[in-house]
Amino acid sequence: MTDMIGVDDALEHIERLRHGEVLTTERAAQVLALHRAGGLADYQLSAWLATIAARGLRFTETVALTRAYLGPDRREPAVRGGGRPVVDKHSTGGIGDKTTLVVVPLVAALGIRVCKLSGRGLGIAGGTIDKLESVPGLRLEFTEAELAARLATDDAVIGSFSGELVPGDTATYGLRSVSGCVRSAPLIAASIVSKKVAVGADAVVFDVRYGAGSLVPDRGAAHRLAGLLVRLGAEFGLRCRAVLSDGSVPLGRAVGNAAEVDEAVDFLRGRGDRGLAAECEALAVQMVRVAEPEEPEARIRERLRSAVGSGAALSVFVRMLTAQGGDTAPVLRGDGYCRPEVRTLVRARRAGWVTDVSALDIGRAALKLGAGKVFAGDVIDPHAGIRLARPLGERVAEGDVLAEVFHRAGTDGGAAVELVAGAVRVGPRSECRVPRAPEAVSGADVFGDVPDGTGAVHV
Ligand code: URA
């Protein structure tokens with residue numbers, strides 16, 4: 001039971017925190033309980049988050065915040081793998097990142113239990129729950145008992161974070177997204193790890209994306225954040241691995257909620273973009289490795305490819321949607337979920353080669369189209385987005401289509417079209433940006449990156 005504090009105490013605590021007062025589980029839980037009871041306004045909770053983001057937290061404080069996020073009624077997690085480990089994955093987010101939609105059914109098709117608790121869009125990066133909400137009828141909010149029941153009958157479940165499962169993360173997530181409190185290592189780590197602890201995962205693979213358009217600026221910062229995530233997960237008894245991935249170009253071809261679900265389905269049919277394939281395979285391999293440490297990597301890759309080739313992974317996806325009440329007809333018919341009212345083609349203004357695609361500008365364009373939120377009350381258009389027509393390095397003639405921009409009638413797509421036209425760069429030579437291949441890192445590789453004592457952790 002958390003002792004209730006008043007708003008004056010909470011504001012005093014925010015000021016003290018700014019001047020170095022140590023954040024404890026008790027204090028963080030009191031702030032969150034006061035907000036939950038209506039005694040602290042959203043803007044006051046945002047001030048608390050901004051103070052944490054600006055000051056950073058020490059490792060022990062990040063552990064304290066994660067505990068507080070899990071809430072006062074925390075019990076033993078209900079989800080259990082029945083002797084088999086429950087594996088989860090989580091990405092720090094990036095433009096076009098639809099890996100969850102691919103790897104959850106793919107890994108489950110190998111007989112491994114995957115229970116994934118996902119989030120919504122954060123800043124300019126889309127979120128899995130927003131993407132899946134473009135599937136009509138799909139239910140995503142479950143209680144702990146319902147999650148456990150789902151996993152008892154099915155190997156793949158994707159659910160939404162909720163006030164019951166992770167009250168602290170649920171209260172703070174949306175506020176962070178619209179108040180400039182997204183790029184903070186302790187806030188990211190507490191948000192992600194609390195969700196993984198809440199579902200009772202045994203093992204987790206973190207996908208830490210870096211580069212403009214991601215939450216993390218560069219590979220060095222991604223390495224440090226991976227260290228924090230792995231160490232924080234270990235503190236809660238999770239077996240963790242991480243993959244560092246280059247998010248400076250969009251992942252795959254589609255950016256936008258329904259469009260990304262459609263691209264994931266295409267991938268499961270064996271029609272995947274190369275970059276998306278490399279990333280999904282890297283993540284899936286690590287997820288299988290944490291569940292089956294004895295299995296040789298080459299054999300894991302073989303099993304994963306055959307799960308796509310045989311259609312087994314797509315069947316798991318369809319089964320999962322059906323079990324969660326979702327309309328699967330667009331998958332079965334093959335015409336997809338994305339039904340925009342307006343489409344605009346972006347054409348090459350000159351001949352040359354596609355030398356770069358700015359994830360940041362594509363993400364900004366998607367926000368302008370309504371694929372994500374700028375204000376807390378914004379309503380997402382599930383059918384808004386962008387589809388890139390040409391891969392990096394491809395030769396184009398003047399007038400060739402580089403991308404398609406789509407949205408609902410009544411949205412002014414002009415600014416987004418301009419952003420997309422600038423984001424897809426066409427140069428006179430074939431040398432183009434080559435994104436770094438995804439790199440798997442283990443705890444031993446990244447543990448040393450987390451300062452132990454008094455140093456605050458920043459991205
Ligand atoms: N995903 C989350 O759930 N939280 C973050 O802070 C970042 C990515």
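Guide: We begin with a criterion: a salt bridge requires a side-chain nitrogen of Lys or Arg within 4 Å of a carboxyl oxygen of Asp or Glu. The model to which we apply it is predicted.

Visitor: What makes the pair Asp155 and Arg113 a salt bridge?

Guide: The side chains of Asp155 and Arg113 meet at 3.2 Å, N to O. The cut-off is within 4 Å, so the pair qualifies. Asp155 lies in the loop between helix H7 (144-153) and E3, and Arg113 in strand E2 (residues 113-118), so that the pair links parts of the chain 42 residues apart.

Visitor: Why is Arg113 called buried?

Guide: Arg113 has 10% relative accessibility. Buried means under 20%, and therefore Arg113 counts as buried.

Visitor: How do you know that Asp88 and Lys196 form a salt bridge?

Guide: Their closest N and O atoms are 3.0 Å apart, and the criterion asks for a separation within 4 Å. Asp88 belongs to strand E1 (residues 86-91) and Lys196 to helix H9 (residues 185-198), 108 residues apart. Both Asp88 and Lys196 are buried.

Visitor: What is the N to O distance between Arg219 and Glu439, and which parts of the chain does the pair tie together?

Guide: The closest N and O atoms of Arg219 and Glu439 are 2.7 Å apart.

Visitor: Why is Arg219 described as partly exposed?

Guide: The relative accessible area of Arg219 is 28%. Buried means under 20% and exposed over 50%, so a value in between makes Arg219 partly exposed.

Visitor: How many salt bridges does a search of the whole structure find, and which residues do shared partners join into one network?

Guide: The search finds 41 salt bridges. One network, joined by salt bridges that share partners, comprises Glu281, Arg289, Glu297, Arg301 and Arg305.

Visitor: Which residues have the most contacts inside the largest nonpolar core?

Guide: They are Leu106 and Leu304, in a core of 55 residues. Helix H12 (274-291) is among the elements that give two or more residues to this core, and the largest share, 10 residues, comes from H12. Apart from this core lies another, of 46 residues, among them Leu70, Phe142, Leu228 and Leu244.

Visitor: Which residues does Leu106 touch, leaving aside those up to four places away in sequence?

Guide: Leu106 touches Ala284, Leu304, Ala307, Val308 and Ala313.

Visitor: What volume has the largest pocket, and which residues are closest to its centre?

Guide: The volume is about 620 Å³. Of the 26 lining residues, Asp273, Arg274, Gly275, Leu392 and Pro435 are the closest to the centre. H12 gives the largest share of this lining, 5 residues. By class, the lining has 14 nonpolar, 3 polar and 9 charged residues.

Visitor: What is the composition of the lining of the second largest pocket?

Guide: This lining has 15 nonpolar, 15 polar and 6 charged residues, around a pocket of about 500 Å³. Of its 36 lining residues, the closest to the centre are Arg120, Gly121, Asp130, Lys373 and Ile380. The largest share of the lining, 7 residues, comes from H8.

Note on methods. Residues numbered from 1 in each chain as written. Predicted model: local features only at pLDDT ≥ 70, side-chain atom pairs only at ≥ 80, totals over all residues. Heavy atoms only, no water. Core = buried A, V, L, I, M, F, W, Y, C linked by side-chain atoms within 4.5 Å. Buried < 20%, exposed > 50% of the residue type's maximum accessible area, 1.4 Å probe, protein only. Helix = DSSP H or I, 4+ residues; strand = E, 2+ residues; numbered from the N terminus. Contact = heavy atoms within 4.5 Å. 1 Å grid on protein atoms, 1.4 Å probe; cavity = no way out; pocket = protein on both sides within 12 Å on 5 of 7 lines; lining within 4 Å. Points joined across faces, edges and corners; volume = space filled by probe spheres on them. Nonpolar A, V, L, I, M, F, W, Y, C, P; charged D, E, K, R; others polar.
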